[in-house]
Amino acid sequence: MDTLYSVTNMLAGYCLEPTAWQWLFDMADILSVEKRLDAKMMQPSCIVYSEGRFVLDDGVGQVAPDRRFCPPEGQQSASLGEKSLVWSLGAVAFYMVMGNCVFGNRGGVVMVPSSKIPYLRPDMPELGRFVASCLSYD
């Protein structure tokens, strides 16, 4: 039986480091094949766990964008590219591990070049550096 579990309901705030890495690897695998995706599709409600891996829900195009996971340029551009997608991946990973969204639940819309980048827990240094690099304004 193929059961789907939303990342939002399953992991937010309780995600262990190996699971976060698996999610990042699974998303990278999907994104290397699916060229049609943009950052507006990368939000927890569009990501499910199925048959031992994370996948994008088939109804992903029907979900309204969640501003908490939109990159800084998300409000100005109708079409977001690879840079924006990487930022959104970092925002979702942060949410999964920490249980709250970046920038006080306001997402990238409030980010400016001088914003301090949020950092994960100190017991996950490699993952923390990776997510911080994804969330870089540049």
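In which sense, left-handed or right-handed, does α2 pass α3? The crossing of α2 past α3 is right-handed.

**Confidence**

The model is predicted. Mean pLDDT for the protein chain is 82. Of the residues, 79% score at least 70. Among the elements of the chain, α5 has the highest mean pLDDT, at 95. Strand β1 (residues 5–6) has the lowest, at 58.

**Helix packing**

Two packed helices are described by the angle between their axes and the distance between the axes.

| Helix pair | Angle between axes | Distance between axes |
|---|---|---|
| α2 and α3 | about 155° | 10 Å |
| α3 and α5 | about 140° | 7 Å |
| α2 and α5 | about 40° | 10 Å |

**α2 with α3**

Helix α2 spans residues 17–33, and helix α3 spans residues 82–98. They pack at about 155°. The two helices are therefore roughly antiparallel to each other, since angles over 145 degrees count as such. From α2, the contact takes A20, W23, L24, M27 and L31. From α3, it takes L85, L89, V92, A93, M96 and V97. By class, the contact of α2 with α3 holds 11 nonpolar residues, no polar and no charged.

**α3 with α5**

Helix α5 covers residues 125–134. Its axis lies 7 Å from that of α3, at an angle of about 140°. That angle makes α3 oblique to α5. The crossing of α3 past α5 is left-handed. On the α3 side, the contact residues are V86, W87, G90, A93, F94 and V97. On the α5 side, they are L127, V131 and C134. The contact of α3 with α5 has eight nonpolar residues, one polar and no charged.

A93 and V97 of α3 meet α2. A93 and V97 also meet α5.

**α2 with α5**

These helices pack at about 40°, with axes 10 Å apart. Their crossing is left-handed. α2 supplies E17, A20, W21 and L24 to the contact, and α5 supplies E126, L127 and F130. The class count for α2 with α5 is five nonpolar, no polar and two charged.

A20 and L24 of α2 take part here, and A20 and L24 also meet α3. L127 of α5 meets α2, and L127 meets α3 as well.

**Salt bridges**

Side chains of opposite charge can pair when their charged atoms come close. The structure holds three salt bridges. One of them joins R53 to D29, with the closest N and O atoms 3.2 Å apart. R53 sits in strand β3 (residues 53–56), and D29 sits in α2. The pair links distant parts of the chain, 24 residues apart.

Notes
Residues numbered from 1 in each chain as written. Predicted model: local features only at pLDDT ≥ 70, side-chain atom pairs only at ≥ 80, totals over all residues. Heavy atoms only, no water. Axes fitted to C-alpha atoms, helices over the stretch in contact; angles between N-to-C directions. Helix = DSSP H or I, 4+ residues; strand = E, 2+ residues; numbered from the N terminus. Parallel < 35°, antiparallel > 145°, perpendicular 65-115°, else oblique. Left-handed = near helix turned anticlockwise from the far one by under 90°. Contact = heavy atoms within 4.5 Å. Nonpolar A, V, L, I, M, F, W, Y, C, P; charged D, E, K, R; others polar. pLDDT = per-residue confidence, 0-100. Salt bridge = Lys/Arg side-chain N within 4 Å of Asp/Glu carboxyl O.
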